[in-house]
Amino acid sequence: MSQIWLLGFAAQYALHAYSPYLALSHLLGLPVTSNGFKYCQESKRLIHEARNLLARTIELNGLSSMDEFSWPNCVPEPSKGKPRDINGSMVFDLLCIGGAYCFLHEIKHVMFKSISSSIKVHDEEMQCDAFAREFLLGNIAVYSKESGYDIEAVKTKRAMSIGLTFLLLLVLTPNNRWFGSDSHPPIFDRISALTGYLELSEDSYFWCYLSCILLLIMEHHTIEFSHPAIYSQQQFCMFLLGKLNARI
């Protein structure tokens, strides 16, 4: 949970750093390449913070206790509750939903175990994903009507949270195991199941959010790319996912 907390704040820094350039490229039909953005000083600062938090997220993999970890000054500690600023509040909400997704996934594993299921390991993982995804996204129309919240806004927010949990897998898993293992299917299959389930507009905020985190991950792994133009935020996000998948 500490790792998804840190990644959530890294994603927020990345969102503020990259999204203006993605929007400009989309608006003007400009090509997008790795190392091709002419970042302003503030964007450079945000990217530096995002990269540092990504590294600190990975650092936790090798520690046996949180007592060994020095908490970053730029991130509020989870024990202090929901931050009061708008950025912290946004991250907090996304992480709560993302945490719920993780627990729902594990609950489905327990349900399979309780009936001594003979389902194949990879199929079980995918069905646990589907259970958690459907729980959080399946009845949004009812919630939207009862709460008065815009249905697209609710769907987008929850989708962003689930997407963040999957990208945490990319961050924490060595890239030579992104294609899967004996116990888990390829991460990209799991992400594709989510993106295929969603019914969001091609320029939904969800796609831009995921793209910004993907750009951060690609920089971490020094993965270069060149894209002629951003025709839609969805198209660019799927391009980045495909580029990472091809890297395998």
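You're looking at a predicted model, where local features need pLDDT of at least 70, side-chain atom pairs count only at pLDDT 80 or more, and totals for chains, interfaces and linings use all residues. Residues are numbered from 1 along each chain as its sequence is written, and side-chain values use heavy atoms, leaving out hydrogens and water.

There are 8 salt bridges here (a side-chain nitrogen of Lys or Arg within 4 Å of a carboxyl oxygen of Asp or Glu).

Start by selecting Arg51 and Glu219: their side chains form a salt bridge, 2.6 Å from N to O. Arg51 sits in helix H2 (residues 41–59) and Glu219 in helix H8 (residues 205–220), so the pair ties together parts 168 residues apart in sequence. (Helices are DSSP runs of H or I, at least four residues, numbered from the N terminus.) Arg51 is partly exposed at 45% relative accessible area, and so is Glu219 at 27%. Buried means under 20%, exposed over 50%, and partly exposed in between, using a 1.4 Å probe and protein chains only.

Next, pick Arg56 and Glu59, a salt bridge with its closest N and O atoms 2.7 Å apart. Both lie in helix H2, 3 residues apart, about one turn of the helix. Arg56 is buried at 15%, while Glu59 is partly exposed at 33%.

Now jump to helix H6 (residues 151–172), which holds both Glu152 and Lys155. Their salt bridge spans 3.7 Å, N to O. Glu152 is partly exposed at 35%; Lys155 is buried at 16%.

Methods: Helix = DSSP H or I, 4+ residues; strand = E, 2+ residues; numbered from the N terminus.
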